[in-house]
Amino acid sequence: MTKVALVGAAASLVGIAALALGYQAGRTDMVRAAPDMSTITASTTDRAEIEGIVRNYLINNPEVMIEVQTALNAKQEAAQKEASTQVISENKDKIFQSPSDAVFGNPNGDVTIVEFFDYNCGYCKKALPDMDALLQSDPNLRFVMKEFPILGADSTRAHIVAKAFKALMPEKYLEFHRDLLGGEGRATEASAMAIAVKLGANETEVREKMKSPEISQVFHDNYELANSLSITGTPSYVVGNEVVPGALGADALAERISHIRNK
């Protein structure tokens, strides 16, 4: 926690301090540092005086605020995980079986990883070799790609080309995906179209398919799903009943896959 955060937290005084003091109630190593509340008599129990006592206590024991913030973060993370688990349970088909998503690896695999990605996400680019490594080493892995363009108009247009290309040439979409996500520079409509044409697509047909309202509907559905899962960045994964944010690397994802299989 930064100094700014600590100062801001301490400024809450009575409310936060009450939580801090309560949190510390059972700690013998801190008891001796706590203010002597017996000195607060009827003549001195006005708000300003109490706030002064609390303020001095927090200044002398700033580690209390760190412990309170740590406990609060853990509680919030647990609550978020529980909420995400429920959302995943209620939306399994949308998450794991949407016909609009590309599926790489074994379509009948025993474990599915779902990745929300953006073609202009630097971390998604770094995570591409992780996906390839997992697919190569695990013949029973099913990898679902959810297009989640959140990094501006270029991303949106590049993803529209991608969806149109996938609809016309699904057998070459994996190659298209690797070329666009693994390429240097920013993904744009032009760069995506160049790859599509290189792989044999007819540009006129692709542009016509880009007008399909189904494409924008897919993005809308993915945005809503991501929002319900509290996904705000890319890459983000759904593995089993868990949302896993960030590019963790092949080894960390493999551990989660192993955990699911060993349940």
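## Basis and overall make-up

Helices (H or I, at least four residues) and strands (E, at least two) are DSSP runs, numbered from the N terminus. Asp221, for one, is found in helix H12 (residues 213-228). This is a predicted model: local features need pLDDT of at least 70, side-chain atom pairs count only at pLDDT 80 or more, and totals for chains, interfaces and linings use all residues. Residues are numbered from 1 along each chain as its sequence is written, and side-chain values use heavy atoms, leaving out hydrogens and water.

The protein has 13 helices and five strands. Of its 263 residues, 39% count as buried. Buried means under 20% relative accessible area, exposed over 50%, and partly exposed in between (1.4 Å probe, protein chains only). Contact means heavy atoms within 4.5 Å. Among contacts with a separation of 6 or more, 77% are between residues 24 or more positions apart.

## The sheet

Five strands form an open sheet. Their order is S1-S3-S2-S4-S5, and the pairing is mixed. Two strands pair if DSSP finds at least two bridges between them. S1 and strand S5 (242-245) are the edge strands, each pairing on one side only. On average, neighbouring strands are turned by 25 degrees against each other, direction ignored.

Strand S4 (residues 236-239) pairs with S5 in the antiparallel sense, over four bridges. Here Tyr237 stands opposite Val244 in S5.

## Helices on the sheet

Axes are lines fitted to C-alpha atoms, for helices over the stretch in contact; angles run from 0 to 180 degrees between N-to-C directions. H9 lies across S1, strand S2 (111-117) and strand S3 (141-147). H9 runs at about 90 degrees to S1. Helix H13 (residues 250-261) also packs on the sheet, touching S2, S3, S4 and S5. The direction of H13 makes about 145 degrees with that of S2.

## The H9-H10 pair

Helix H9 (residues 173-182) packs with helix H10 (residues 189-198) at an angle of about 145 degrees. Their axes are 10 Å apart. From H9, the contact uses Phe176, Asp179 and Leu180. From H10, it uses Ser191, Ala192, Ile195, Ala196 and Lys198.

These residues divide into five nonpolar, one polar and two charged. In this scheme Ala, Val, Leu, Ile, Met, Phe, Trp, Tyr, Cys and Pro count as nonpolar, Asp, Glu, Lys and Arg as charged, and the others, Gly among them, as polar.

Asp101 lies in the loop between helix H6 (92-96) and strand S1 (102-105). Its relative accessibility is 5%, so Asp101 counts as buried. The side chain of Asp101 makes a polar contact with the side chain of Lys146 (2.5 Å). A polar contact is a pair of N or O atoms within 3.5 Å; within protein, one must be able to donate a hydrogen and the other to accept it, and residues adjacent in sequence count only if both atoms are side-chain atoms. Not counting residues up to four places away in sequence, Asp101 touches Lys94, Ile95, Val144, Met145, Lys146, Lys166 and Asn222.

Asp221 counts as partly exposed because its relative accessibility is 38%. Asp221 and Lys94 are 127 residues apart along the chain. Their C-alpha atoms are separated by 8.8 Å.

## The H12-S4 loop

Ser230 lies in the loop between H12 and S4. Ser230 is not a glycine, yet has a positive phi of about 60 degrees. With a relative accessible area of 40%, Ser230 is partly exposed.

Pro235 lies in the loop between H12 and S4. A cis peptide bond joins Thr234 and Pro235, with omega about -5 degrees.
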